[in-house]
Amino acid sequence: MAAVNAAAAAAAAAGAERPGGCTVIDRRFNLYAVELPKDPVTNQIRLGYGLTPESASYPGPLIEMIEGQCFAITLYNQVPVATLEALRTDPNHPVGVSLHTHGVKYTQMSDGTVHSNSFVPPGGSRTYIWYAQPRNTTTGAQGTAGYWWYHDHVGGGPHGTPGIASGLFGGVVVRRQGDPRPDRTYVLAFGDRQTINLRRSSEADTCDEQNPVPGPTCVVAKVGEKVEFLVIGIGNDMHTFHVHGHSWADTRTGVIDGSKQLVDSVPIIDNKTVGPGDTFGARVIAGESVGPGHWMLHCHMQFHSDLGMSTTFHVLDQNGAMTAHAGHAPANPVQAAPAGGGQDATAHGNHG
Amino acid sequence: MAAVNAAAAAAAAAGAERPGGCTVIDRRFNLYAVELPKDPVTNQIRLGYGLTPESASYPGPLIEMIEGQCFAITLYNQVPVATLEALRTDPNHPVGVSLHTHGVKYTQMSDGTVHSNSFVPPGGSRTYIWYAQPRNTTTGAQGTAGYWWYHDHVGGGPHGTPGIASGLFGGVVVRRQGDPRPDRTYVLAFGDRQTINLRRSSEADTCDEQNPVPGPTCVVAKVGEKVEFLVIGIGNDMHTFHVHGHSWADTRTGVIDGSKQLVDSVPIIDNKTVGPGDTFGARVIAGESVGPGHWMLHCHMQFHSDLGMSTTFHVLDQNGAMTAHAGHAPANPVQAAPAGGGQDATAHGNHG
Amino acid sequence: MAAVNAAAAAAAAAGAERPGGCTVIDRRFNLYAVELPKDPVTNQIRLGYGLTPESASYPGPLIEMIEGQCFAITLYNQVPVATLEALRTDPNHPVGVSLHTHGVKYTQMSDGTVHSNSFVPPGGSRTYIWYAQPRNTTTGAQGTAGYWWYHDHVGGGPHGTPGIASGLFGGVVVRRQGDPRPDRTYVLAFGDRQTINLRRSSEADTCDEQNPVPGPTCVVAKVGEKVEFLVIGIGNDMHTFHVHGHSWADTRTGVIDGSKQLVDSVPIIDNKTVGPGDTFGARVIAGESVGPGHWMLHCHMQFHSDLGMSTTFHVLDQNGAMTAHAGHAPANPVQAAPAGGGQDATAHGNHG
């Protein structure tokens, strides 16, 4: 406690805002909040965070940290005043955006809230300091390794609801030394209006099958690659995250690297409830045992998936191509059902 | 990865569809999708899976596997065309049903989806291959032991929503060598319209108290029996599963068989949120410490339980009878409250 | 099993109702169900449990047990008949209240339900016996240590829905020898109408900032104190519990005191879905690393927080004061944004 307080006092005295334990800034970078083209389907306002204004997107860039690191992130608010005014309904609410994060440590000055005055008016900037605190075996405080997210907490309202709904959110992963490293990470935000990353139906899966480019709307991997899904719940609704053919361990990292007793006890799941603000990591080996294919990835609330809350985990073969037997039915009629049947010549017998 | 791909390639070459690792088919049996009498209360269409057409039910038969086993299940679609047409709203959607499963491994040919053309038109059949993959200590892939479910993914729509809502679902348990074996397993699907296994209120508890026959609407055990509840979320709503007087460990198997540190860390629960597609196992010892009785088992969302999403876990004494002191109030007025009081002579003092 | 039955038989023979294993009553005390002033905002009926009639509150008093203990709690129903009649809609439903608990062991006579006739008519009393059963290494039955709740199950309906909605609920903690002890415990029930402990907005945070008195509507601690949140879901809705700047381990106790493998595997979270009937403990060290401040504590369903389902975790400095740099913006303009900017002079560079 003494150390905690001394650090806080020192931070206050210095006019800085470092959380206790953050003695060195390991990395400094900028983040830009900008307006993006309106949603092509709904015409809703779209905003994004980017490492440059030009690269802003929703979700924003994945921020990866290692326990022990401290980042200083300077947020530039380049969203037009008129846009921010359009997002709010209460004229007394200040106009601005912020950077609020989950999981890692930050002082009130980096909280990204109105009451702490830690937000950014239009045209301004502000530096937020995040500390990926490691486990403290003295106090018993756990480390911050895990799957988290960052988001606006001011745009349009005191909880940033319109800001988040417009696109101001992104993923954070804090790793511990020794954590398994993925080959690919996909951030998938399950949200309102039956959306994944604010898109639904074909907008949520824009992969060019000849030359798939991984991104927020193209989930693709080669068979055998270690793929990490960072799942975030945003908005107002409950959802369940499900992917066909793959499963993961319900642990911090989504894998088990433990004793026999842990292996015997940890649930393996392929479907998980995610509420707003929840985050978890699902680690899978693409196509492991099941092979290449167009594996559905969807909310298992039936009316959500029916209304388009569904995308595809495209697992390519090792050459980066989709194998014929795993193709879409129209394009790959191999083993297609004969008229009237769907018959399969594989031997089958009675249950006995 | 090489092994994965080689297996997939071999499967494709053979025109077969075995997932990697499935070298021998351990068991072959048939599953029939049939139409059942309409719901006696709502007049809704009811379908069921059965090991024979005559034994079809909702939920369908429990399928148990041991890690390492591979099953070949041939699904016969005996549901009338007119019924399947009535379930769909989009005339372009194909008419058929399928077998999609969770947790275990299967290739795209056993996915049970429209886009992979792995469903069964009326009058047809198709063999699905499931592999209960064991833990692979080389790749780090976890095993498939756990509580899962199977369901239609095509009937009436691309996610099988009307098929599932009509009754095409059932439980899957994959056990690992050494897992505790239950004396009884009950599959309980918490679903829409405040239903348990598609029934509510008295329809969800049809036990003959003189001669209770365990089944989808009669949850009964003798005191001391190890009872396993396989809880499934289906449909569109969130639910919470609660049973009176009993609790379980929030692990893969619902029990703890671990180190002191695991025992000290694993949550013990008697209420658990279950969203659509979620499954878990709750393992209890019937009446352990609490004795025989009519123990309520219900969704703890208050309006759900009030509207009939409640059944009873009937715990009989060791002779298979319900003890007098634990009976329903009307039938067993022992220790009933005197007029005006509910007084209990047990000594009590002040808190102090 | 023999022991279970013998104990039950002995209990039945004695006219008592002790669950098996409860050989001695460790503590006896009274609990009073009384009517409280109507909700000042909504004018709804408010009831409360109290160790005395005068101290009744919602939530009711926290009941702490140690594994192995057995409590005899005598409930006096002092709620006026007219009030109980007003809560019910079915005139055939009996008038009364009860004490139903989660997690610990109790026989049907202490179930607190209508069908077991274990409730209390107006003016009456009844003794409920709870047993905090320890782990039984012979049968494999897990212990009852954990975070639980007690509530009415009869007031106004067979699931006590109106009774709970009026305030008849409270927290239960069962500890195991060696469990970490908190400095402070707060019971926070997330419920319908966007409420925390049945209040929202300013009613949920009534702290006098000069002299904060911890209680159901004032969540406060000094930096470094070990604070335990017992989170309960009540009513009909799903919620997510989130607190700014703090996180906890998703274990039984909310902390990890385990092997490296456990530490590496257990998720650390700062947001958790809680459905009706669910309970969990979140253990944090107030201000650890992040320092003092007015830390928001809210449901992360955006419309819930926007509608007032938000309170504050006030973390004071070690002298019991709120430090200037962590204050509300209006009161503490230190480091406030200059007009037009929110500029921060902290160095920042490009992401490279």
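A quick word on conventions. Residues are numbered from 1 along each chain as its sequence is written, while chains are lettered from A and ligands numbered from 1 in the order in which they are written. Because the model is predicted, local features need pLDDT of at least 70 and side-chain atom pairs count only at pLDDT 80 or more, whereas totals for chains, interfaces and linings use all residues; side-chain values use heavy atoms, with hydrogens and water left out.

Let's start with chain A. Its secondary structure comes to five helices and 19 strands, taken as DSSP runs (H or I of at least four residues for helices, E of at least two for strands) numbered from the N terminus. Of its 352 residues, 64% count as buried, that is, under 20% relative accessible area with a 1.4 Å probe, protein chains only. Contact here means heavy atoms within 4.5 Å. Among chain A contacts between residues at least 6 apart in sequence, 70% join residues at least 24 apart.

Now, what do chain A and chain B bury between them? The figure is about 5,800 Å², with 50% of it on carbon and sulfur atoms; this is accessible area (1.4 Å probe) lost on putting the two parts together, summed over both. On the chain A side 66 residues take part, in contact with 75 residues of chain B. The count of salt bridges there is one, by the rule of a Lys or Arg side-chain nitrogen within 4 Å of an Asp or Glu carboxyl oxygen. Asp264(A) pairs with Arg176(B), their closest N and O atoms 3.1 Å apart.

Over at chain B and chain C, the buried area is about 5,800 Å², again 50% on carbon and sulfur. Chain B gives 66 residues to that contact and chain C gives 73. Here the salt bridge joins Asp264(B) to Arg176(C), with the closest N and O atoms at 3.1 Å. Elements of chain B that each supply at least two residues to this side include helix 4 (260-265), strand 18 (293-299) and helix 5 (302-306).

Finally, the cores: sets of buried Ala, Val, Leu, Ile, Met, Phe, Trp, Tyr and Cys residues joined through side-chain atoms within 4.5 Å. Which residues have the most contacts inside the largest one? They are Trp130(A), Trp130(B) and Trp130(C), in a core of 102 residues. Beyond its sequence neighbours within four places, Trp130(B) touches residues including Ile63(B), Phe71(B), Leu99(B) and Val172(B).

Definitions and conventions:
Buried < 20%, exposed > 50% of the residue type's maximum accessible area, 1.4 Å probe, protein only.
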